[in-house]
Amino acid sequence: MEGREEIKGSKPSFPLSFWEVTMAFTVVMGFVLGLGGVYLTMPASDYSFLKLPRSLEDLHILRDHLEIYTSDYTLQVLVGYCAVYIFMQTFMIPGTVFMSLLAGALFGVLKGVALVVITATAGASSCYFLSKLVGRPLVISLWPDKLSFFQAQVISTPCSVSCLFLTSS
């Protein structure tokens, strides 16, 4: 493994380094603090309607309640929306389609599209970052045989049409 010193034939006791665990913890704590900050700055109210929308009916209920807050607490709703959307994208939680529709309903079509593009990009980048940082060492240590098998399969697979175009020029 790159950046790791191992004795041949022995497996490390914990596959992640201190810095990998620290970075993963920092990402999770960033989400927790962001959502906690938004929650603490919102006015006291009944928040039983706050849940991730799973259907169009849930989306309508959430939109109706959040429209009131959006007019009075635009920044908190915006930060909360971004934190939830990026969290959902990062950890591949289903429901971002409804969150995308909610952005258009709350902030308007143009602002909603811009917000969805930015948050989707940030969430996908965070997902890639965490997968590379934490996922790779875990896969290498937990399933080395399967990893070798799949690497051999990729190497032995014939070149695709797009590969032929790239090598012919």
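**Helix packing and an aromatic cluster**

Modeller: In this predicted model, helix α3 (residues 74-90) packs with helix α4 (residues 96-107) at an angle of about 160°, and their axes are 10 Å apart. An angle over 145 degrees counts as roughly antiparallel, and α3 and α4 are therefore roughly antiparallel to each other. The crossing of α3 past α4 is left-handed. On the α3 side the contact is made by Val77, Leu78, Tyr81, Val84, Tyr85, Met88 and Gln89, and on the α4 side by Thr96, Met99, Ser100, Ala103, Leu106 and Phe107. By class, these residues are 10 nonpolar, 3 polar and no charged.

Next comes the packing of α4 with helix α5 (residues 109-142), at an angle of about 140° and with the axes 7 Å apart. Here α4 passes α5 in a right-handed crossing. Ser100, Ala103, Gly104 and Phe107 of α4 meet Val109, Lys111, Gly112, Leu115 and Val116 of α5. This contact of α4 with α5 has 5 nonpolar, 3 polar and 1 charged residues.

As for the rings, the structure holds 8 aromatic pairs. One of them is Phe31 with Phe87: the ring centres are 5.3 Å apart and the planes are at 80°, so the pair is edge-to-face. Phe31 lies in helix α1 (residues 18-41) and Phe87 in helix α3, 56 residues apart, and the pair thus links distant parts of the chain. Phe31 counts as buried at 11% relative accessibility, whereas Phe87 is partly exposed at 29%. Phe87 also pairs with Phe91, with centres 4.9 Å apart and planes at 55°, so that pair is tilted. Phe91 is partly exposed, at 34%. Phe31, Phe87 and Phe91 form one aromatic cluster.

Conventions:
Residues are numbered from 1 along each chain as its sequence is written. This is a predicted model: local features need pLDDT of at least 70, side-chain atom pairs count only at pLDDT 80 or more; totals for chains, interfaces and linings use all residues. Side-chain values use heavy atoms; hydrogens and water are left out. Axes are lines fitted to C-alpha atoms, for helices over the stretch in contact, and angles run from 0 to 180 degrees between N-to-C directions. Helices (H or I, at least four residues) and strands (E, at least two) are DSSP runs, numbered from the N terminus. Angles under 35 degrees count as roughly parallel, over 145 as roughly antiparallel, 65 to 115 as roughly perpendicular and the rest as oblique. A crossing is left-handed if the near helix is turned anticlockwise from the far one by less than a right angle, and right-handed if clockwise. Contact means heavy atoms within 4.5 Å. Ala, Val, Leu, Ile, Met, Phe, Trp, Tyr, Cys and Pro count as nonpolar, Asp, Glu, Lys and Arg as charged, and the others, Gly among them, as polar. Rings of Phe, Tyr and Trp (its six-membered ring) pair if their centres lie within 6.5 Å; planes under 30 degrees apart count as stacked, over 60 as edge-to-face and the rest as tilted. Buried means under 20% relative accessible area, exposed over 50%, partly exposed in between (1.4 Å probe, protein chains only).
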